[in-house]
Amino acid sequence: MAPRDERQPLLATVPISPSHRRYPNSRILTRILTTIFVSTLCYLFLALFFFPTWPPSTPLRLFSNTGVGRLPIETLENILFVTPSTEKAREWSQYYTSGPHLGGKNFSQALWTKERWEEMGIPEVEIETYDIYTNYPKGHRLGLLKKIEYSDHNAPRLDQNLEYELLFEASLEEPVLEEDPTTALEDRIPTFHGFSANGNTTAEYVFANYGTFQDFEDLLSHGINITGKVVLCKYGHIFRGLKVKRAQDLGATGVLIYSDPGDDGDITELNGYEAYPNGPARHPDSVQRGSVQFLSYGPGDPTTPGYASKPGVPRQDPSKLTPSIPSLPLSYMDALPLLRALNGHGLNPGDLGDSWKSGGLHHKGVDYSTGPAPGIVVNLVNEVENVITPQWNVIGRIPGHISDELIILGNHRDAWIAGGAGDPSSGSAALLEMVRSFGSMLAAGWKPTRTIMLASWDGEEYGLLGSTEWVEDHALKLGKNSLAYINVDVGARSHKFAVAANPLLENVLVEAVKKVMDPDSVINGSDSTSVFDVWDKKIKILGSGSDYTAFQDFVGIPSIDMGFSALSKDDPVYHYHSNYDSFHWMEKFGDPTFDYHVAMTKIWGLIALNLSESPVVQFNVTKYATDLGRYLEAVSNMLDADYHQPLTDTHKFRHAMEHLSHAIKRLSQRAAEFDKHASHISDALSSPNTPWYRKTLLLFKARRINTKYKLFDRAFLYHKGLDERSWFKHVVFAPGKWTGYSGDSLPGLVETVRIGDWHGALRWVKIVGRAVHRAHGVLN
């Protein structure tokens, strides 16, 4: 054996075969499990934060032209254009106007509406009930009296208690018309004011023109005392409840409000037109009923301001929001003897300015003197029953793929009279036809991208009762999920389109009216003339007076209020809140063919489809910011023109206004960038050249954009609300404090500037500035 070398290994190298893994597929399995885990996390993240109701395949189906529940937008619009019919609109109008439907007294109509929606295919329909404080008429009286003067106070009297001679007893009733069956219903509703106070007052009276704040200032500045008097005034210019409030604040004991033909344009008997039912002029005995709640101080149940009227909730004193003095509505026939009795007493219109010269009863022997007339008084009696009673909202829901982006469409169902063909039944008929169109879409396999909600409100006429209580009840959910509220009150009482809208929604609105043909133009042979072409293009600021109020002013949900409701001086007189707003009037003068009911249905439905189906919501924050700048400029102009205060009083305020102006300009710049980015994303999503995987990523971006659009208007809410009317939370939009119907922009700021409260004005500049900063943050 050869000797061993020390470097020789003790053990010889033994060759072995390659090792085999115990689990040969473990790496593949690990990768698969990891992929599943990461995918699950991504899905959960997307489901929770981007698409709460999104199954894994949904993103590509949401806005594509294929997939279950998705129909091309062109198909949906075609269904909307061919489904509504004038015959059906007429049928629905005839039903809704066939009997009384006062707030809290129309359950049969609520149930009928629910059943029709269900028949038409709406998958979820319910009636939501609230117990709401309201009142109903029991009795009334109005007498014109003359104080008896006894020449010999020692002579015996036939009646020791007789102090007044009756000169005139008002009928306070609208006559039955043979041609108009609605006016003859046995259960027709008497003339009265909703939320008017019980009372019996005998007093001298004064004429106060339209009863505006300025009208009362004119009287006071000329030495006409209101305290202890009954006020007689005309309807118009402002909400009727504010006429009563101002009179009450000045010590009046009652208010009488009548409709003057001087406000009827050219269509008057004086100009040779016959009165309804024979012609288009005002019937002399027509009476405008209506609410006298202090609407611009807070709508809804006056005993539950800010919270829903549910059973058992604490109730507040309603006197802060409703009158404590009686009031009555009058026809001009009943007002004539009262007006004539004032002739030559007090001031004449020439002493008070041009705004006092619009009366239309001069040919009836009225000179519109203010009074009072010595020894002439009125006895005003109003008897009402104050109750807490159920009121019923019909709520429908069409679930969409995205549950936290809601589009809400609403119209109120109640009316002051048996008819209400214009207000609200023209809107109710349009709503039913839109629902029927949605039913056809659902039957064709459609599921909306975003959830659509439908509402038939009760109690709107008293003070937006049903909608306000519902919004207060669901405020948190609505504030989180709602994109927009689209309201139609009077759908068709004329052939002229009118609209008030949040600037965010103007693009959507304009796009819709461009697609619907104007019925009159079609009849005249022009089938390419749209509603947009004949519309005056005026978009008003949202005020109050209909059911959008709680959505826009309490929760900050962008809203539209629209209808064929604008009246020109040559239109047939619309008998607002009168028995003569009837189906017969609509067939003869309002919309005889019901074509404008159908046009309203189409515009409404197109807006709903646009909001529901667009990948990127077609909001316009640039227009909003631009308008905000205009609103601020108007305040500055008001300050310079009307409030010449010493520089020391306004220096800090003007300096703060400059800072606010710069902040709004920065917001405008950011808004323009944001809208441009949103438009780019929208174009890419709609392009057939964009690959599917990129569209998936773009949908996530669209989701974020839509969320910012949704929350933008909420940035302008101020939780403490406006001064003296804290229910109104929006710092940009609110009804005018002393107008009610028309809107004020930057209301807190405007109101403090008007009264020269510079400390308060400075505070509101800061409040608005913080809101602008929040809105800028939303877009970032």
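This report looks at how helix α18 packs against two other helices, α3 and α13, in a predicted model.

## Describing a helix pair

Two packed helices are described by the angle between their axes and the distance between the axes. Both values are given for each pair below.

## Helix α3 against α18

Helix α3 covers residues 73-82, and helix α18 covers residues 595-613. Their axes come within 10 Å and cross at roughly 160°. Angles over 145 degrees count as roughly antiparallel, so α3 and α18 are roughly antiparallel to each other. The crossing of α3 past α18 is right-handed.

Which residues of α3 meet α18? They are I73, L76, E77, L80 and F81. On the α18 side, the partners are T601, K602, G605, L606, L609 and E613. The residues of this contact divide into 6 nonpolar, 2 polar and 3 charged.

## Helix α13 against α18

Helix α13 covers residues 506-515. The axes of α13 and α18 come within 9 Å. They cross at roughly 130°. The two helices are therefore oblique to each other. This crossing, too, is right-handed.

From α13, the contact takes in V508, L509, E511, A512, V513 and K515. From α18, it takes in I603, L606, I607, N610 and L611.

## A residue in both contacts

Technical notes: Residues numbered from 1 in each chain as written. Predicted model: local features only at pLDDT ≥ 70, side-chain atom pairs only at ≥ 80, totals over all residues. Heavy atoms only, no water. Axes fitted to C-alpha atoms, helices over the stretch in contact; angles between N-to-C directions. Helix = DSSP H or I, 4+ residues; strand = E, 2+ residues; numbered from the N terminus. Parallel < 35°, antiparallel > 145°, perpendicular 65-115°, else oblique. Left-handed = near helix turned anticlockwise from the far one by under 90°. Contact = heavy atoms within 4.5 Å. Nonpolar A, V, L, I, M, F, W, Y, C, P; charged D, E, K, R; others polar.
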